[in-house]
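Here is a friendly briefing to read with the model open beside you. Please keep the sequence at hand too, as the topics below go from the whole chain down to single residues.

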Amino acid sequence: MASPPDTSKTTKLERYNSYLRRINTARLLTLSSQLLFRTTILAALLLILLFTLHHPPLSSFSFSSSPPHSHRSLLSSSSSSSTSSSLSSHSFQRQVLHSATPRNPTGLSVLVTGAAGFVGSHCSLALKKRGDGVLGLDNFNSYYDPSLKRSRQSLLSKHSIFIVDGDINDSSLLKTLFDLTPFTHILHLAAQAGVRYAMRNPQSYISSNIAGFVSLLEVAAKSADPQPSIVWASSSSVYGLNVENPFSELHRTDRPASLYAATKKAGEEIAHTYNHIYGLSITGLRFFTVYGPWGRPDMAYFFFTKSILSGKPITVFKTQDGAGEVARDFTYIDDVVKGCLGALDTAEKSTGSGGKKKGQAQLRIYNLGNTSPVPVGKLVGILEGLLGVKAKKNVVKMPSNGDVPYTHANVSLAEHDFGYRPTTDLAAGLRKFVKWYVQYYGIKNKVHGGVGGGIDVSEVASV
Ligand SMILES: NC(=O)c1ccc[n+]([C@@H]2O[C@H](COP(=O)([O-])OP(=O)(O)OC[C@H]3O[C@@H](n4cnc5c(N)ncnc54)[C@H](O)[C@@H]3O)[C@@H](O)[C@H]2O)c1
């Protein structure tokens, strides 16, 4: 008789098999979750790598969160990639602090707006040289060749001055900068300059010279702790149709002859308001036709030089009645820089905080000129001598589109309050300008070849 099957053995075998199946399934699950985990880590690493590669380098932080009314978009040629993460990045903050902290323990910490501009770059270097901290702010717009502004920026960065690429209308950027650094002073030079360009692009004057100024004063009055003292650039153009000579701070300035002049005059009234309501200490400086090395290509002495060297005719204005020559109180850049530093050094502290005035604050306005007007024809003669080339002059009546026939500064107030005394005459100043010009634009060889007879070539080479 066959013995019955051993059921207990079969059951055991089945249980063992099912145990093995469960173990295998569990292993499979573990393996696949490990695979998933590793894939996720790998993907995350790849993302981090991609982000790092696309992050802007330290030297070119830029901010484009400017409001729509900024003229940067119309004019700017510089690329810009704003992110709030750039503002909060450690490297950006390090750059700002390194640049803005004074080397000298009793030094100032100055935010210079328009630092890539003509006057701004010179003032920034002078402040840094004497041990003050300087942070620049400029939107690098293309009103004139932005590569000149970039060259000035390179020069400044060699002296450890960092320029933030941003707009004064960008309040959140301004607040971030004031949160990072308790600036003692603002030297506000950013503006839309030029008299005749106002007929082509009036809005750019409103945006930078009025809206931008208000945006800066708002942050200085309400957010900055402590409130900084402010020194800013007005202009001799506010004298407009004034006929009393020499121009004194007591003369009328309510008849501007150009929109540029009107925005500067508006700036003076706005300064009064912020001083009155918020206790901001504000000093306005009326510059008179500033010229010199690293100057502005839209100004006559600069484009006359270019045209004379390339044999092109230049247009020289005579007065509307045809009887006289247009004259300017040309002021050399080093004299203006001394005036700006004198104004900063004698600026009293603002009295308010958090948007509340705590007492009367200083409000000043000064002429910074050369005190000796020179007819434009004489300027051309000096350039002809320095360049060794005769200019092809086209003399016409000055159109009534904003320019005034004559400027002449009385600077006794600035002399009395901070020792301002201009020392460079036009011939000496233009000589320095031409030396810079021929070197910057690489015209040295032409000078050797006969152009520039008035300039000693060895001097040119050593600029
Ligand atoms: N140079 C002169 O003869 C003269 C005469 C009178 C007054 N000023 C005034 O002096 C100041 C400096 O003049 P400058 O000759 O150096 O001119 P500039 O054009 O060389 O410098 C101004 C700088 O401000 C920047 N800027 C303009 N709008 C800006 C904005 N919204 N945000 C940030 N940056 C901005 C520009 O990019 C430029 O680099 C200006 O306020 C000008 O109106 C100059």
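A residue is called buried if 20 or more other C-beta atoms lie within 10 Å of its own, exposed if 12 or fewer do, and partly exposed in between, with C-beta atoms placed from the backbone. With 13 C-beta neighbours inside 10 Å, S160 therefore counts as partly exposed. This is a predicted model, in which local features need pLDDT of at least 70 and side-chain atom pairs count only at pLDDT 80 or more, while totals for chains, interfaces and linings use all residues. Residues are numbered from 1 along each chain as its sequence is written.

**The chain as a whole**

- The chain holds 16 helices and 13 strands; these are DSSP runs numbered from the N terminus, with helices (H or I) of at least four residues and strands (E) of at least two.
- Of its 463 residues, 43% count as buried.
- Two residues are in contact if their C-beta atoms, placed from the backbone, lie within 7 Å.
- Among the chain's contacts with a separation of 6 or more, 80% join residues 24 or more positions apart.

**Around the ligand**

- The shell has 29 residues, and G114, G117, F118, A191 and A233 come nearest to the ligand; a residue is near a molecule if its C-beta atom, placed from the backbone, lies within 6 Å of it.
- Two or more shell residues come from each of α5 (118–129), β2 (133–138), α8 (202–222) and β5 (229–235).
- Helix α5 gives the largest share, three residues.
- By class, the shell has 13 nonpolar, twelve polar and four charged residues.
- In this scheme Ala, Val, Leu, Ile, Met, Phe, Trp, Tyr, Cys and Pro are nonpolar, Asp, Glu, Lys and Arg are charged, and the others, Gly among them, are polar.

**Helix α5 and its partner α11**

- The axes of α5 and α11 (residues 333–346) come within 10 Å and cross at roughly 60°, which means that α5 is oblique to α11.
- Axes are lines fitted to C-alpha atoms, for helices over the stretch in contact, and angles run from 0 to 180 degrees between N-to-C directions.
- Angles under 35 degrees count as roughly parallel, over 145 as roughly antiparallel, 65 to 115 as roughly perpendicular and the rest as oblique.
- The crossing of α5 and α11 is right-handed; that word applies if the near helix is turned clockwise from the far one by less than a right angle, and left-handed if anticlockwise.
- On the α5 side V119, H122, C123, A126 and L127 take part, and they meet I333, V336, V337, C340 and L341 of α11.
- This contact of α5 with α11 has nine nonpolar residues, one polar and no charged.
- S124 also lies in α5 and is buried, because it has 30 C-beta neighbours inside 10 Å.
- Beyond its neighbours within four places in sequence, S124 is in contact with V112, A115, V134, G136, L156 and I161.
- S124 and V134 are ten residues apart in sequence, with their C-alpha atoms 6.4 Å apart.

**Helix α8 and its partner α9**

- The axes of α8 and α9 (residues 259–278) come within 10 Å at a crossing of roughly 15°, so α8 is roughly parallel to α9.
- Helix α8 passes α9 in a right-handed crossing.
- Residues of α8 including Y205, I206 and F213 meet residues of α9 including Y260, T263 and I270.
- The contact of α8 with α9 divides into 14 nonpolar, three polar and one charged residue.
- K222, in helix α8, is partly exposed because 17 other C-beta atoms lie within 10 Å.
- Leaving out its neighbours within four places in sequence, K222 is in contact with G354 and G355.

**Backbone details to check**

- Most residues other than glycine have a negative phi, and most peptide bonds are trans.
- The D225 to P226 peptide bond is cis, with omega near 5°, and P226 sits in the loop between α8 and β5.
- Another cis bond runs from N245 to P246, with omega near -15°; P246 is in the loop between β5 and α9.
- S160, which is not a glycine, has a positive phi of about 60°, and its place is the loop between α6 (146–158) and β3 (162–165).
- W294 is not a glycine either, yet has a positive phi of about 65°, in the loop between β7 (290–291) and α10 (300–309).
- W294 is buried, because 20 other C-beta atoms lie within 10 Å.
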